[in-house]
Amino acid sequence: MFGIFASIVDGLLIGTVYGMAAMGLTLIWGVMNVVNLTHGAMIVFGMFALYLIGDWLGISPYAIVPPVAVIGFGAGVLIYWLSVHRMIGRPPLMSLLSTFAVNLVLIGLGTDLWGTKLFNIEVSLPGLSYGGYTFPGTHLMAAALTGIIAVLLFLFLDKTRSGKAIRAVAGNRVAAELVGIPTTRVLALAFGLGVALACVSGALIATMFPFTVLSGSSYQLKSFVVTILGGLGNPAGALLGGIALGLIEGLATPFMPVSWTTVIEFVVFVLVLIAFPRGLFNFTFRRS
Amino acid sequence: MNRLFRFAAAALLLAAPAVLASSAKAQDSITIGFTTSQTGALNVDSLAQLRGFEMWRDDVNAAGGIKVGGKPYMVKFVSYDDQSQGARVQQLYTQLIVQDKAQFLFSPYSSGLAATAAVISEQYGALMITAGAAEAKTYELGNKYLFQLYTPADNYLTGALQAIKLKKPGATIALVYSDDPFSKAVAIATREQAKTMGFKIVLDESYPPDQTDFSAIINKIVSAKPDALLGGGHYPDGATLTRQIHDQKAGIKWVTLLVAPDSAQFATLGASAVGVSVPSQWAPQVKYKSNYGPSSESFAQRFKAKYNTDSDYHSAGGYGAGLLFQHAIEQAGSVDPAKVAAALDTTNITTLFGPCKFSTDPASHGLQLVHQMVLTQWQMKGGQLVKEVIWPLAASSAPILYPIH
């Protein structure tokens with residue numbers, strides 16, 4: 001019986017990290033209507049940034065999370081200027097192809113540098129054990145940090161001038177421009193923020209599981225499912241969508257073969273698309 | 001004088017291609033075609049296999065080539081990146097046979113890709129040795145030009161079951177494996193063998209090959225309370241499963257996983273790797289009395305010197321596959337594929353990779369009959385993780401570590 005409870009808790013813990021990855025994807029969509037297909041590659045970028053900086057400085061991986069966020073933000077702004085800026089306002093397929101091309105370049109470069117061999121970051125953090133079941137310290141820490149980062153993101157979007165500018169541009173870019181908001185810079189800021197979230201989620205995943213250059217695609221796919229569950233363009237919904245996905249995984253696994261969880265996830269995905277096309281948690285800041 | 005010089009220069013230029021062509025003709029060659037997974041999920045093991053192929057080619061060419069009726073043939077490779085994808089394999093093997101005119105073929109890495117390549121090679125009657133492909137089903141389809149180097153998947157976990165039986169007869173087993181053709185083939189055979197040997201299977205479950213989180217599966221394993229865990233699949237999933245078994249303190253007394261723990265990179269898992277065992281087609285410590293080609297010891301040393309990394313069964317298999325072609329071509333005294341295939345049918349040799357003999361029964365033609373596997377286990381020696389051969393006992397380099405937790 002406790003095994004079922006343990007599975008649900010594990011699902012919720014990992015679900016928060018799925019949620020953070022999806023927050024980055026949905027933030028970019030919400031502000032500029034761009035499906036960022038570099039998302040998986042940037043999750044991997046976060047994993048490798050954590051590994052390489054940790055290897056170089058030899059300090060706790062959690063101390064490296066803030067620098068990873070900063071590097072991720074910088075990389076995001078760069079990608080925005082290189083491949084997204086000229087596609088804003090054009091048909092969605094243009095930005096889709098453009099970000100897909102950058103994704104291929106990044107994965108190709110990564111494969112050339114490191115192959116697809118496995119990397120592992122050893123983290124010694126005590127977990128919580130009960131009745132033979134253990135919740136690893138890395139999972140608990142990742143969920144806690146995700147919670148803190150989500151609160152910081154909402155405070156930023158809700159309370160700061162830049163955050164309000166992002167919300168204004170998401171609501172109506174022309175009106176925002178008319179009241180003097182430098183919308184191009186705001187778009188770059190939002191893209192950088194979205195990529196930083198992807199990188200940080202990648203870094204936290206790297207503390208929990210070994211990874212390769214190709215690990216991003218699975219998490220990118222999960223991010224899309226989470227984004228649909230939470231509602232496109234809705235960061236708060238994405239976090240809840242992630243938790244919902246984790247809950248589905250945790251609830252389903254004790255009662256059926258693990259292979260079936262993917263089937264269930266995608267059945268839910270299709271049902272939500274049909275019944276709730278705006279997502280299950282439709283309290284978006286995007287007034288469209 | 002000036003006109004004469006210009007005339008002579010023009011004549012030389014015109015004659016150059018003919019001179020070059022005749023010098024190229026003087027040295028005949030054998031072309032072997034194959035694809036490797038330079039990119040994609042199978043990159044690690046496939047590149048190890050490629051290094052084995054290349055080392056064999058370099059050794060053969062340095063020794064003056066393969067002698068056919070007293071005439072030396074240099075070995076040439078034509079290869080492409082299959083991106084670890086079956087669709088690319090289908091396209092590229094057709095290209096290798098039709099456009100590149102490859103006389104012989106090596107298979108791509110993994111059972112799934114090799115099965116795809118075999119459809120094409122048989123269609124064109126091209127001779128292919130499969131390396132890095134253990135699934136037996138491919139050889140039960142009536143193929144005539146396909147020959148298997150590896151021990152078939154059915155016997156992958158037999159050694160692990162025998163080792164467990166020695167340490168704990170009647171142990172309970174969790175069979176948790178990847179949902180791919182190779183791992184499923186291993187699981188089907190292991191299920192039957194475990195029952196025959198008196199083990200009780202308390203959990204029998206597959207997971208998708210791209211599974212990233214094993215928390216829920218490990219909770220199921222903890223609930224089932226097995227003594228041993230057998231299964232796994234390929235590289236990323238096996239390594240993640242190992243790390244999470246350790247992180248979640250699953251307390252299993254024995255863990256044998258397919259493929260992943262064989263890689264030297266597995267040692268990066270640190271404490272999680274201790275005690276984890278892997279069935280291996282070959283290990284550097286195994287001392288087969290090779291009657292054709294170099295010894296396994298010499299191969300392992302020279303491989304390390306050449307590539308600055310340890311050899312594993314994928315690289316040794318690559319070299320072994322090359323030796324098989326070399327032996328068969330020499331025996332046939334011809335590069336005619338039909339004659340070389342006939343020579344492979346009668347092959348019965350021991351190379352550094354171990355003994356080799358193929359089935360000639362039409363129902364299972366080309367299936368490997370005599371190659372044997374070993375079981376290796378990661379053990380801590382002087383603060384360093386090392387891989388030791390623990391089964392069969394006659395070939396072991398260290399005692400079995402049981403229980404591992």
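**View 1. Helix 2 of chain A against helix 9 of chain A.** Helix 2 (residues 39-57) and helix 9 (residues 216-230) of chain A pack at an angle of about 125 degrees, their axes 8 Å apart. That angle makes helix 2 of chain A oblique to helix 9 of chain A. (Under 35 degrees counts as roughly parallel, over 145 as roughly antiparallel, 65 to 115 as roughly perpendicular, and the rest as oblique.) Axes here are lines fitted to C-alpha atoms, for helices over the stretch in contact, and angles run from 0 to 180 degrees between N-to-C directions. Helices (H or I, at least four residues) and strands (E, at least two) are DSSP runs, numbered from the N terminus. The model is predicted: local features need pLDDT of at least 70, side-chain atom pairs count only at pLDDT 80 or more, and totals for chains, interfaces and linings use all residues. Residues are numbered from 1 along each chain as its sequence is written, while chains are lettered from A and ligands numbered from 1 in the order in which they are written.

The crossing of helix 2 of chain A past helix 9 of chain A is right-handed; a crossing is left-handed if the near helix is turned anticlockwise from the far one by less than a right angle, and right-handed if clockwise. On the helix 2 side of chain A, the contact uses A:His39, A:Gly40, A:Ala41, A:Ile43 and A:Val44, and helix 9 of chain A answers with A:Gly216, A:Ser217, A:Tyr219, A:Gln220 and A:Ser223. Contact means that the C-beta atoms of two residues, placed from the backbone, lie within 7 Å. Sorted by class, the residues of this contact between helix 2 and helix 9 of chain A are four nonpolar, six polar and no charged. (Ala, Val, Leu, Ile, Met, Phe, Trp, Tyr, Cys and Pro count as nonpolar, Asp, Glu, Lys and Arg as charged, and the others, Gly among them, as polar.)

**View 2. Helix 2 of chain A again, now with helix 4 of chain A.** Helix 2 and helix 4 (residues 92-114) of chain A pack at about 35 degrees, with 8 Å between their axes. Here the crossing is left-handed. A:Gly40, A:Ala41 and A:Val44 from helix 2 of chain A meet A:Asn103, A:Leu106, A:Ile107 and A:Gly110 from helix 4 of chain A.

**View 3. Helix 5 of chain A beside helix 8 of chain A.** The angle between helix 5 (residues 137-159) and helix 8 (residues 183-208) of chain A is about 165 degrees, and the axes sit 9 Å apart. Helix 5 and helix 8 of chain A are therefore roughly antiparallel, and they pass in a right-handed crossing. Helix 5 of chain A brings A:Thr138, A:His139, A:Ala142, A:Leu145, A:Thr146 and A:Ile149, while helix 8 of chain A brings A:Val200, A:Leu204, A:Thr207 and A:Met208. The tally for helix 5 with helix 8 of chain A is six nonpolar, four polar and no charged.

**View 4. Where chain A touches chain B.** Here 33 residues of chain A are in contact with 34 residues of chain B. Helix 1 (2-32), strand 2 (133-135), helix 10 (235-252) and helix 11 (259-275) of chain A each put in at least two residues on the chain A side. Helix 1 of chain A has the largest share of that side, six residues. The chain A side has 12 nonpolar, 17 polar and four charged residues.

**View 5. The two domains of chain B.** The assignment, which is automatic or from a database, gives domain 1 (29-151 + 286-364) and domain 2 (155-280 + 374-395) of chain B. Their C-alpha centres lie 29 Å apart, and the contact takes 15 residues from domain 1 of chain B and 15 from domain 2 of chain B. On the domain 1 side, helix 2 (43-62) and helix 4 (111-123) of chain B each supply at least two residues. That side of domain 1 of chain B splits into five nonpolar, five polar and five charged residues.

View 6. Most residues other than glycine have a negative phi, and most peptide bonds are trans. B:Trp391 and B:Pro392 are joined by a cis peptide bond, omega about 0 degrees, and the bond from B:Tyr402 to B:Pro403 is cis too, with omega near -5 degrees. B:Pro392 lies in the segment after strand 15 (384-391) of chain B. B:Lys101 isn't a glycine, yet has a positive phi of about 55 degrees; look for B:Lys101 in the loop between helix 3 (86-98) and strand 4 (104-106) of chain B.
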